[in-house]
Structures are given as C-alpha cells and as structure tokens.
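Open the model in your viewer and keep the selection panel at hand. The tour goes stop by stop.

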Amino acid sequence: MSLAVRYALLAAAVLIAALLSLVIGPRSDVGLGNILHLLFVDDGSLARSTVVDLRLPRTLVAGLVGANLALAGLALQAVTRNPLASESILGINQGAALGVAIAVTVPSLMIVNLDVMAIIGAIAAGFLTFTIAGGLTGRLDSIRLVLAGVTVGAFSFACVRFTFTLEDNLSRLVLSWVSADISAVRLAQAGPLALWAALGLAASLLLAQGFNILSLGDGASQGLGVDPRRTRFLGALLAAILTGASVAAAGPVMFVGLVVPHLCRLWFGQNHRHLIPAVALGGAGLVLLADAMSKLVRFPYETPLGTICALIGAPYFLIAAIRARRMA
Amino acid sequence: MTGTATVALRRHRDRRALLLIGGAAVLTLLAALWSLGVGAVAIPVDVIVNTLFNLDGEKQTYIIMRSRLPRIVLALMAGGALALSGTIIQAVIRNPLASPGIIGINSGAALFAVGMTILLPTVPQTWLPLAASLGGLTAAGIVMLVAHRRLLSAAHLALIGVAVGFVFESGVDYFLITSSDAERSAPLIWLTGSLWGRTWDHVGMSLAPLAVLAGMAMVLAYRLDLITLGEATATGLGLDVGRQRLIMLSVATLLASVSVAVVGVMGFIGLMAPHIARHLIGGGHRLLLPLAMLVGMLLVTLADGVGRAIAPPIEVSAGILSALIGAPFFVYVMLTTASEQET
C-alpha cells in the first residue's frame, strides 16, 4: 500500500471518529443523517446550537489534544531511544498538572496564564526526570529513565492531590480537571491548541531528520556531523511544550503519547518523516474515539476522557513493559 | 578469630542493637504523645497525660479518646505492618527498590477496597481488610508470575510492578469518577492515605490479623536471613526456597493489604523503613525486623502528626506527606544501587 493511500485511510478514520464524537449524545434530534446540515446551516434550532456550541468545541479539543500528545510521545521516544517513554510515563504530564494546580490554588503565583504555568511545570518535571536518569548525555539507562519518570510523576501528583485537601470547591474543580473531563470546554480554547498543534507538527517535521539519525546511536550521529545533544534538547523541549499546552486545556490525558507512536510504527515503519504526520493523525483519531466512548460507556452519563484513556493505556503499558526485556 | 572474641563481639553488637531498638521505641512513643497534642485543638502535654491515665485535673477525654488516640494507634499499626512487609519483600526479591507499593500491592488492595465500597455498599466495612487482601494478593500474584517466568533485573521488576499498579489505579479512577459525589468522598480521602475520621472500630477489625501476621514475620526472621544468601546457598542449607518464598510473600502482601484497608494508600513507608533500619543495624533479620517495624511506626506517626500540625484546622494526608518524602528517597536508592551494580 502506498504511503498516500495509508495517510488517506488514516485521515478517513479520523473523520469518522470526529463524526462519531459529534453525533453521540443524549439528544435524539442529532444523527448521522443531519449532522452536516446542522454543522454548516444555521437553522436556529436547539439541535444546531447543541452541535456548534457544545459538541464541536469538545470534538476539536479532543482531536487537537490527541495530536499534540501523540507528537510529544513520539519526540520523547526518539530522544530517549526508549519505546516506553511518553509524557505520562516520564512525569511530564503530571508536572504540567502540578503547574496548573499551583496556579489555580495560589493565583498570586500565576505567571502569564495557565498555558505558560503548565509548560513551566512540564519542563521542570522533564528536566528532573532526565537529570535523575543520567542527563541528556546519551548514557540514559532506559529502565531507570522510566522509574525516575514514574517517581517524578508520583511526586507531582502527591502535590496535586494535596490541593484536594485545601477546599471542597477547589477539590471538585481539580478532580474533574485531573480526570480530563472536557465536557465543558469552550470554542476559544481550541484556537491556541490548534496553533500549538500546527507549530508542533512543523517543528517535529524539521526535527525528523535529527530523530532518524539519533536512532542510529550517538556515535553514528556524531559521525554524520549532527550534535545528538542538540536534537535531544530540542525534542524534549518540544515534547514539554506540546504536553503543557494540552494539559492546560484538557487536563492530564494519560498514555496517548505511548500508544499512538507504537501503533503508527507498525503501519508506517521507522522513518520519522513518514511517521510524524501519521502520529498526529493517529493521536487525533484515538482521542476522538475515546471521546465518543466516554459518552457511550455509561450512556446517558459521561465518563471523563482521562479515565477512558487510562483504562485503554494502562494495560497497554503493562504489556509493553513486560516485552521491554529486549531493550534493557 | 577465637571463640571468646566472637562471643564478645556478638554481645557488643546485641547491646548496640538493643539500644537502637529501645531508642526507636522511645522516639516512637514521644512522637505519638506529641501527635496526640497537635491539630485543630492544641492540647498541652499535662492534659494528655491526665486524660490517658485518668488522673485528676483538666482532661480532654472526647478529643483524645474518641478522635486522636484511635488514629494514632492505627498509624502505629499501619506503619509497623508496612515496614515489616517492605523488609520481607526486599529480602525475598533481593531488590533494594522493592516495596509493597512498587510490586503493586497498594493499588491492588485499593482497587478491591474501593470496588467493594461502591459496588457492594451493603456489605459491612469490617470486610474491607478481606477485600483489600484479595486485591493485594491478585496484584502481587501478577507481578510475581511475570517475574518468575523471566529472570528480571531489579529495575525491570520494579517497572512491571509500576505497570501493574497503573492498571489497577485506572480501575480505581473509573470507580471514583463513575460514582456519585456522596459515595466518592469517603474513598477519595481514604485513598490519599489519610487517618482522618478513624475510630476504634477500624482498630478492632485490623488488630488481630496484623498481630498474627507480625508474629509470623518474626518467626520467619531466620529463614529470611537464609534466603538473602541467594537461592543456591539457601537450598544448600536445607531451605525449601520455592515454598518459603511463597509463604514470605503471602505474609508480606497480607500485612500491606490489611494496612491499606484501614489507612488507605501510604506509599514509600515500606521502602524507607527497611532501608533506614538496615543502615542502622545491618542485615540480620532477627533484629532488623523489630527495628524496621519501629521505624515504620515512627514515620507514619510523624507523617500524621505533621500533617495536622502544618496548618490547622486543615489536615494534610499522611499518605501525601510520605509520598513527598518517599519519592526523593526512592530516587536516592535507585541512584546508589545502580552505581553499585555498575562497579
């Protein structure tokens, strides 16, 4: 199958997932038959405003968050040469969550806005994890990296949990946000996310060659005249920024960055130039499907997106961890 | 070395060990006494003593006897149990990174306990230790099965444990999120490892099992010494390694699970206490087990007391505090063991 056909199939799958995410819901007057009409024609009906004001923002945010997180995961796996790496395993997700939790609890500590706080948290957590595991020098012990990341994550989450105990109203807010409940997002939140996704995609594509060379090993990389440290630094920074932006908008969605690059590698091979667009599409598709499921699991009640992703991703991580013997 | 010198040395070591154990016991008692006094209502020491020993003078019977004393007794029990569990697990797996939390016991116990509270609300709470034990055994069973079938490095075993923990935790999250606000609040506080709102009932339902299990742990001390020598040596010395390992891990799992059932998830105590105790007293389990138990008691009592003392009337969960101290400790252990393995 040629590359173009595979991309087209994947894009079609993403569109179907997006339609599902738009159509599924407790209203009976929104269905596959009239969804396009409702989206593009303003007939002033309640169904129209449900689709445009409530469901569309959520679908957009789900897709964009998925793309961002998947790209971040791919960058981290390339940078660490570790198939288990991803933003939730390395504690970056939880660090971003801590940044947001601090900003929400102590507004006077807020720097610029929530996005920036989340990105600062993500960078700090990533830096800590990499430092513990041996720095960006290339002698990264793969299992130690994961354990360091999990510990940094546990530490950050203990701090986030601490904010639960401060005040009841705050705890409800933080809890719904930690479980990545995106049912109340606004259209305005999709704009910045789209910008980050576009920048992330472009930056990833620029780094693709570097990622490919990095996968050959540090020696080969230096032999080809590419400084591996530079690619590593830029890749990790990119991952932290994409994660921070997503977490600020939707909360810490776990495991997307782990699962999507793995699945895409099976279908698109190891070349990062081909992989990057596929991973962005795949991430969007997976989270859109998870969003659709989040409305179906306990219909008509909703289950937050983060919970669905954790239920899918955690068993996958276990299988990957068991099979990780070869890499160690 | 001559016989008398050996005996003298052993006597010296025993005396030092007894001093350490006595010192730890005194410290734990002092910490418990201090912890009785702190909180939303600060109570001076003389009032505490008056209340405890029913002396004349000012008393605070309600707060101390109904609220603080049971939770401190529980803190002592849970801390001791987690520490014993961690000591046994580290000996059996011969892995300094191992602890009840890291091989998934905490999450397994938490899932079954939360599941029971939410799915079977009519079942009395006294069944919680049983449900938690089942969960702990399930999680530990999965981890040990994987570890048994492939010879794993210390770090890789920890990785599998973490992954199993993630699976069970995602289940816990699902239960919490899908339950109503009222059902959720109790398990939520409980899950962060809080001793808030504990009564004598909790003490009653866990005291007997924990006491029996602690006794079993002490009986296992000599066999734990043997098993740390390695499988071949232990077998050569007449130990049925496979069977003993199963018994030891079951005791350790049950100790941790029952304590999770009553105080919730308190990570890293089972990691820190054995390390601190081993650093003080060395590897012989006859002395290590009691000292580790005391250290565990001290840590949890302090975590609980400090959590109440930081900003009364707000309480910071003991589990959160122990994670804040324990996570850096885990990193420290990981870094030092990794450098040992390299040399």
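Which residues of the largest nonpolar core touch the most other members? They are A:Val61, B:Ile88, B:Ala113 and B:Leu255, in a core of 227 residues. A nonpolar core here is a set of buried Ala, Val, Leu, Ile, Met, Phe, Trp, Tyr and Cys residues joined through C-beta atoms within 7 Å. Buried means that 20 or more other C-beta atoms lie within 10 Å of a residue's own; exposed means 12 or fewer, partly exposed in between, with C-beta atoms placed from the backbone.

Before you click on, some ground rules. This is a predicted model: local features need pLDDT of at least 70, side-chain atom pairs count only at pLDDT 80 or more, and totals for chains, interfaces and linings use all residues. Residues are numbered from 1 along each chain as its sequence is written, while chains are lettered from A and ligands numbered from 1 in the order in which they are written. The model scores ipTM 0.82 and pTM 0.83. Chain B averages a pLDDT (the predictor's confidence in each residue, from 0 to 100) of 81, and 90% of the residues score at least 70.

**Stop 1: A:Val61.** Select A:Val61. Setting aside residues up to four places away in sequence, A:Val61 touches A:Ile182, A:Val185, A:Gln189, A:Ala190, A:Leu193, A:Ala249 and A:Ala250. Contact means C-beta atoms, placed from the backbone, within 7 Å.

**Stop 2: helix 4 of chain A.** Select residues 92–105. Helices (H or I, at least four residues) are DSSP runs, numbered from the N terminus.

**Stop 3: the chain interface.** Show both chains. Here 31 residues of chain B are in contact with 31 residues of chain A. On the chain B side, helix 6 (154–178) and helix 14 (318–342) are the elements that give two or more residues. Helix 6 of chain B supplies the largest share, 15 residues.

**Stop 4: helix 11 of chain B.** Select residues 241–263. Just after this helix, B:Gly264 takes a positive phi of about 85 degrees.

**Stop 5: B:Asp304.** Find B:Asp304 in helix 13 (residues 285–309) of chain B. Is B:Asp304 buried or exposed? B:Asp304 is buried, because 37 other C-beta atoms lie within 10 Å. Beyond four places in sequence, its contacts are B:Ser35, B:Arg71, B:Ala75, B:Leu195 and B:Ala318. B:Arg71 is 233 residues from B:Asp304 in sequence, yet 8.8 Å away in space, C-alpha to C-alpha.

Note on methods:
Expected span 1.5 Å × (residues − 1). Contact = placed C-beta atoms within 7 Å.
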